[in-house]
Amino acid sequence: DAGVIQSPRHEVTEMGQEVTLRCKPISGHNSLFWYRQTMMRGLELLIYFNNNVPIDDSGMPEDRFSAKMPNASFSTLKIQPSEPRDSAVYFCASSTDGIYGYTFGSGTRLTVV
Amino acid sequence: SQQGEEDPQALSIQEGENATMNCSYKTSINNLQWYRQNSGRGLVHLILIRSNEREKHSGRLRVTLDTSKKSSSLLITASRAADTASYFCATDAGSARQLTFGSGTQLTVLP
């Protein structure tokens with residue numbers, strides 16, 4: 001298995017632009033998580049899907065953030081419009097029912113200028 | 001919010017020495033997990049210890065859990081330069097199957 005695949009690895013965009021981050025979880029994993037990592041706030045859970053259904057999106061900072069999981073093999077995290085304070089590394093992780101260890105992707109480093 | 005807090009924030013040791021990192025948390029947990037993150041990479045799952053377990057081993061890793069003190073420790077024996085990374089504890093608490101991560105310990109192993 002290639003692991004959790006995220007794209008792009010790096011994204012530089014101008015303030016106000018729409019940004020879409022993509023994630024392909026490990027086949028057979030039914031839980032998917034989006035995290036954001038910054039120096040100031042560490043790792044923050046943004047949203048959690050189980051069997052493609054959003055279970056907890058209380059970590060999504062604002063309405064500018066949205067996430068979808070149209071099927072078991074794909075998820076997106078969208079920021080519209082983006083702001084400089086959204087600059088961070090965004091990680092996607094998947095697991096089996098969230099019970100065992102998570103498998104993380106390599107992350108997307110987002111820079112909003 | 002961060003459930004777990006690691007101590008120390010940074011640790012520097014010589015190759016061959018043992019490294020011990022501690023984690024404290026606030027609420028009752030189902031399990032506690034440790035992850036490693038190399039610079040610029042994603043997190044890698046190291047070991048999971050359930051709330052009814054007190055100690056667990058995996059290779060050079062030894063994890064202890066004291067639920068009465070709400071604390072855990074990760075011991076890396078005979079450290080190597082390749083162990084240089086950030087180490088995070090994460091707790092799975094309550095009915096929500098999601099992890100809350102601590103702030104991490106930056107370990108540097110000098111050759």
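In the predicted model, A:Tyr102 has a relative accessibility of 1% and therefore counts as buried (under 20% relative accessible area with a 1.4 Å probe and protein chains only; exposed is over 50%, partly exposed in between). A:Tyr35, also at 1%, counts as buried.

Ten aromatic pairs occur over all chains; rings of Phe, Tyr and Trp (its six-membered ring) pair if their centres lie within 6.5 Å, and planes under 30 degrees apart count as stacked, over 60 as edge-to-face and the rest as tilted. A:Tyr35 and A:Tyr102 form a tilted pair, because their ring centres are 6.5 Å apart and their planes meet at 55 degrees. The two residues are 67 apart in the chain: A:Tyr35 is in strand 4 (residues 31-38) of chain A, and A:Tyr102 is in the loop between strand 9 (88-95) and strand 10 (103-104) of chain A. Strands (E, at least two residues) are DSSP runs, numbered from the N terminus.

A:Tyr35 also pairs with A:Phe104, again tilted, at 5.9 Å centre to centre and 45 degrees between the planes. Because A:Phe104 lies in strand 10 of chain A and A:Tyr35 in strand 4 of chain A, this pair ties together parts 69 residues apart in sequence. A:Phe104 counts as buried at 9% relative accessibility.

Ring pairs link a cluster that includes A:Tyr35, A:Tyr102 and A:Phe104, together with B:Tyr35 and B:Phe101.

Residues are numbered from 1 along each chain as its sequence is written, and chains are lettered from A and ligands numbered from 1 in the order in which they are written. Local features need pLDDT of at least 70, side-chain atom pairs count only at pLDDT 80 or more, and totals for chains, interfaces and linings use all residues, while side-chain values use heavy atoms, with hydrogens and water left out.

Key
Helices (H or I, at least four residues) and strands (E, at least two) are DSSP runs, numbered from the N terminus.
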